[in-house]
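Please study the sequence and the structure before reading each solution.

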Amino acid sequence: MSVVTRICIINYMSPKKILPCNRKPWRLASQIRSGTSWAPIQELEPLNTAVSEELKVPFIRTRIGTFFQEKPHLGNQYLEDTLLQGFLKRHLPPKIFLEVDQDLQRFGKRVTQEIDILGRECELNLPQLQQYDPWGQRVDHIITCPAWKRMKEISSEEGLIAEAYERRYSSWSRVYQVAKMYLYAPSSGLFSCPLAMTDGAAKVIETLGKAGILKDAYNHLISRDPKTFWTSGQWMTERKGGSDVAGGTETIARLQSDGTYHLHGFKWFTSATDSDMTLTLGRVMNARGETQQGTKGLSLFYLEIRDEDQKLNGIQVQRLKDKLGTRQVPTAELLLDGTKAYLISEEGRGVASIANMLTITRIHNTISAVAAMRRVINLGREYASKRYVFGKFIKDHPLHIQTMAHMEVQTRGAFLLLMEVSRLLGLEENSMATLQDTHMLRLLTPLAKLYTGKQAMAVISEGLECFGGQGYMEDTGLPSMLRDAQVYSIWEGTTNILSLDVLRSVTKSKEAVLTAFFSAVQAKLDLASSVPALKSSVALTQSAVDKLGVFIREATLKGPTFMELAARDFAYSVARIYMGSLLLEHASWEGSSNTDVYSAQRWCEQDLCPVDFAEKAGSYTSEAVVMDASLVYDGSPLLKGKL
C-alpha cells in the first residue's frame, strides 16, 4: 500500500474530520484496499458523506447528548437571607449593626468561596482509625483529612468561639456569634459539632471559675490563634444509654497522691474524639473501694487527650462508630484505663456542673437544624430558576412554589426562635437578664432543640424533592443533608426526653416558667394587634393561648402521670404558639416587609395547640394507654400476660 493510500484510510477512520479522497495528490493511486478487495477511490465519496452525517447525530459512539442540567449556585448566604439581616437591623444598636453587617457580608463570601469547598472535602474523606503502626505498636491514631484540620484553623481565625466570650458587644456578642455559626454550619463539613462542645466546655469552665489548669484550657478554647486553639469533646454516654447518665455511668475515678484522678471505664459514644481535651463524668471511689450510685455519685472531670509526648492519656480507641449521618465527625468507643484527669466540680455535683454545657450544645443543635433548613431552601429556589420542565422553569409552576413557601414559613419560625434564645443567653451571660428572661431561657432551650430537630428532617426531606432524582444522588452532596439531619432529634436528648425536660422546668420553677411564657406571648400579641393585616392572625394565636391555659388548669387536677403522657403535645403547643408570637412581633416592626407579614399569617393558620385537640380526642386517658400498648404489641408474644 502506498503512503498516499494510507493517509486516505487514516483520515477516513478519524471521527474528527473526513478528508476527501479525490483531491489531486491522492489521484496518484487509482485503487485502495476495501475489505478483501480493492475499490476505486471514487466509490468512497458517498461513504464519507454518510459518515459525516452520522457524526452530527447525538448519542452516538462516545457522545452522550447535548443537554446538561445546570447545578444550583451557592451565593453569599448572608446577603440572600433577608430575615437574618432584618433581625439584626431590628435588634442591634446602629453602630454594632454596621460592624456586624460588614463582617457577615465578608464572612458570607468566605463561606461560599472557601469554606463550602472544604466542607465537601470533609464529606468525601471520612475519618479512619489506625490502631497499629507498621511495627505492631498500638497507636490508635484517628486520621482526619487536611480539610478537617483547615476547618479548625478557620474556626479560630474567625473567632467562632472567641466572639461569645470576648463580649466586645456586651449581650449582643452571643447573638453575633450565633448568626455567624448559622452561616457557617451548613458548609462546615460538620466541624460545627466539635465547636458546639468547645463552646459548651468554655461555658462550664467560665461558670466554675478559670483557675489553675482550667485557666490554661479556657484560654486555648477561646483562642483566635490557630496554633493555640483547642477543641473539646464531651464524653457522657456509656453502654447503658445517653440521657440517663445517673443510671448509665459506670466510670470510676481513683484519687492519686498528687491530687489527680485515674479514670477507668468505657465510653460508648464520644464525638469529635480527635479533640484536644474533654469533660466527662465519673464516680469517685472511696478508700474502701466503694462508689455512690445515682446522680449524687457523679462528679465532673477535665482531661487532656494526649500527654506531653503526644501519646494517648491512658485511652484506647476500640473502634470508630459507623453512623447513619454525621460521618465527617470522628466518633469512637473508648476504653479509659488509668486516664489522668482533674476533678473540677464539687464531688457529687457533676450533673449540676455540666448543665451549662448542655444548654450551649442544645443551642448549637438548634443552630445546625435551622441553618440546614435555610440552606436546602436557598439551593432549592436557586435550582428552580434553572430547571425547565413541562414548558417552563419550575419556579413558574405555582404548586412547586407553594410547597417551598410552606418550607420557608417553617424555617422563618425556627430562625426567630433560635435568635430569641441567643438573645436571652446573651442577656444572662452579661448579668442583664430579668427573672422573666431567665425563666424563658430555661423553657425555650429544650423547646427549641426538640422542635427544630423535627422540623429540619421534614423540611430537608421536602427540600430533596425540589431536586427530583438529583436530590437522591450521593455525588450531588444533597442526600448527606438528610442523613445528618436525623441526629438533630437524637443528640443531646430525644424529643420525648426533652419534652419531659420542659415539664421539669415548669415543675421546678413552681409554674413561674409558665407565667413568664404567657406574659411574653401576650406582650407580643398586644403589639401585633395594632397592625390591621395581622388582626386575624393575632386572634388565632390568642385562641390557642386560651386553649392552652384551660388545658393547664385542668391538667393540674389530673396528676403528674396525665401531664407526662401529654408532654410531647404540650411542648409542641408551647413551641408553635411562641414561634407564632415571634413572627407576629417581627411583622409588627416598622421595617418589616410584606413577606414578614405573610409568613406570620401562614404560620398562625396551622393548629397552634395540638395538646387541646389530643386531650379532647381522649388521647391521654388510662384506656388510651392500654390500647396504645395493645396496638404497638399487637401480634407480639410480649403482649400475652406481660404488659
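Helices (H or I, at least four residues) and strands (E, at least two) are DSSP runs, numbered from the N terminus. The model is predicted: local features need pLDDT of at least 70, side-chain atom pairs count only at pLDDT 80 or more, and totals for chains, interfaces and linings use all residues. Residues are numbered from 1 along each chain as its sequence is written, and side-chain values use heavy atoms, with hydrogens and water left out.

**Exercise 1.** Determine what share of the residues is buried and what share of the contacts joins residues at least 24 apart.

*Solution.* Buried means under 20% relative accessible area (1.4 Å probe, protein chains only). By this criterion, 51% of the 643 residues count as buried. A contact means heavy atoms within 4.5 Å. Among contacts between residues at least 6 apart in sequence, 73% join residues at least 24 apart.

**Exercise 2.** Describe the lining of the largest cavity.

*Solution.* A cavity is a set of points on a 1 Å grid over the protein atoms alone where a 1.4 Å probe fits but cannot get out; lining residues have an atom within 4 Å of a point. The largest cavity is lined by Gln77, Asp81, Tyr182, Leu183, Pro186, Ala371, Arg374 and Arg375. Helix H7 (172–184) and helix H11 (350–384) are the elements that give two or more residues to this lining. H11 gives the most, with 3 residues.

Note on methods: Buried < 20%, exposed > 50% of the residue type's maximum accessible area, 1.4 Å probe, protein only. 1 Å grid on protein atoms, 1.4 Å probe; cavity = no way out; pocket = protein on both sides within 12 Å on 5 of 7 lines; lining within 4 Å.
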